[in-house]
Amino acid sequence: MSLPKTPFPILSLFLVIFANLEHLAEPKSAPDYTTLVYKGCAKQSLSDPTGTYSQAISTLFGTLVSQSSKTRFYKTTTGTSQSTISGLFQCRGDLSNVDCYNCVSKLPILTDKLCGKPVAARVQLMGCYMMYQVDGFAQISGLELLYKTCGSSNVGWSGFEERRDTAFSTLESGVTNGNGFYTTSYESMFVLGQCQGDLSTSDCGSCVKTAVQRAQVECGSSSSGQIYLHMCFVTYSYYPNGVPRRSSPSSSSSPYNPSSSSPDTKQDTGKTVAIILGGAAGVGFLIICLLFARSLLKKHDDY
């Protein structure tokens, strides 16, 4: 007596669908911390017929990458008296030393690819940035706006800006007491701020306050926004379904995602996938039951 064979390939398919249902329905994690945010390249190229500056930049990059495995901020100067170059890197305050190194180690090649060899360059990734400038290059204000982006979707209810501003207020006080880095969540609002590592506490507070004001004015009721000044940056995101907890190989526990203009999109997509796959699995299970019942009836008739 042989068992009915038809339902079991379908059963196997059903089990595969069911086993992967939860995984496929999960919201995708935030983009990697090595995702490019912006680049800033000076228009003036280096005059370097002897290769002196190129060698100094290479030495500088090597030092910065090496230090990134030990600390999240490092600033140094290299070269001779006639070819002095200053540079620094900084990692986001919630990155581990390993993540910081992995982030910073990508910047030398990326800087050369995006900027070539100008007299000054800065490349910002989601988790870190690196910059250098030739001695004598014109300094800019620490409050100079380098980059901004605001989410394309607007939050249409009246209490949104009040909630966002409350989160900002907490951020302003927190960043001055958190060694220049602070994140917090408040009623579906996630905010993050960081200052350059060598800023004083008062200068850090002033910089973040200015960045917050720029976000309020320029992003309005946008669901997310990022403001990068020369010496600090702030970012915020509104999550209608609550700020998600992030679990990933990175030590970062924040859902920081500058490239996302609609933080709730991933959650909604995950729910939609779950509904579709759940329905498909239900139909598949019903088919299995019907086929199995038919096989049993056929077997009974054969007797």
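**Pocket, cavity and helix faces**

Trainee: How many nonpolar, polar and charged residues form the lining of the largest pocket?

Mentor: A pocket is an open set of points on a 1 Å grid over the protein atoms alone, with protein on both sides within 12 Å along at least five of seven lines, and its lining residues have an atom within 4 Å of a point. Ala, Val, Leu, Ile, Met, Phe, Trp, Tyr, Cys and Pro count as nonpolar, Asp, Glu, Lys and Arg as charged, and the others, Gly among them, as polar. By these classes, the lining of the largest pocket holds 13 nonpolar, eight polar and four charged residues.

Trainee: What average pLDDT does the protein chain have?

Mentor: This is a predicted model, in which local features need pLDDT of at least 70 and side-chain atom pairs count only at pLDDT 80 or more, while totals for chains, interfaces and linings use all residues. Residues are numbered from 1 along each chain as its sequence is written, and side-chain values use heavy atoms, with hydrogens and water left out. The predictor's confidence in each residue, from 0 to 100, is its pLDDT. In the protein chain 71% of the residues score at least 70, and the average is 79.

Trainee: Where does pLDDT stay under 50?

Mentor: A contact joins heavy atoms within 4.5 Å. One stretch under 50 has 36 contacts beyond four places in sequence, and another has ten. These stretches are residues 1–30 and residues 247–253.

Trainee: Which strand gives the most residues to the lining of the largest pocket?

Mentor: Helices (H or I, at least four residues) and strands (E, at least two) are DSSP runs, numbered from the N terminus. Strands S1 (36–41), S2 (73–78), S3 (85–91), S4 (120–125) and S5 (128–134) each supply at least two lining residues. With four residues, the strand that gives the most is S1.

Trainee: What volume does the largest pocket have, and which lining residues are closest to its centre?

Mentor: A volume is the space filled by probe spheres set on the grid points, which are joined across faces, edges and corners. For the largest pocket this space is about 520 Å³. Of its 25 lining residues, the closest to the centre are Met131, Gln133, Phe137, Ile140 and His230.

Trainee: Which residues lie nearest the centre of the largest cavity?

Mentor: In a cavity, a 1.4 Å probe fits at the points but cannot get out. S3, S4, S5, S8 (189–195) and S10 (232–238) each give its lining at least two residues. Of the 17 lining residues, those nearest the centre are Gln90, Gln124, Tyr129, Gln194 and Phe233.

Trainee: Which elements do the buried residues of H4 pack against?

Mentor: Leu107, Pro108, Thr111 and Cys115 are buried in H4. Their arc is 100° seen down the axis, so they line one face of the helix. The face turned away carries the exposed residues Ile109 and Lys113. The buried residues of H4 pack against S1, H2, H3, S4 and S5.

Trainee: What phi does Ser188 have, and is the residue buried or exposed?

Mentor: Ser188 lies in the loop between S7 and S8. Although Ser188 is not a glycine, its phi is positive, about 75°. With a relative accessible area of 17%, Ser188 is buried.

Trainee: What relative accessible area does Glu187 have?

Mentor: Glu187 also has its place in the loop between S7 (181–186) and S8. Its phi is near 45°, a positive value in a residue other than glycine. Glu187 is partly exposed, with a relative accessible area of 46%.

Trainee: What distance separates the C-alpha atoms of Lys43 and Val119?

Mentor: Lys43 is in the loop between S1 and H2, and it is exposed, with a relative accessible area of 86%. Lys43 and Val119 are 76 residues apart along the chain, and their C-alpha atoms are separated by 8.1 Å.

Notes: Buried means under 20% relative accessible area, exposed over 50%, partly exposed in between (1.4 Å probe, protein chains only). The arc is that of the directions from the helix axis to the C-beta atoms.
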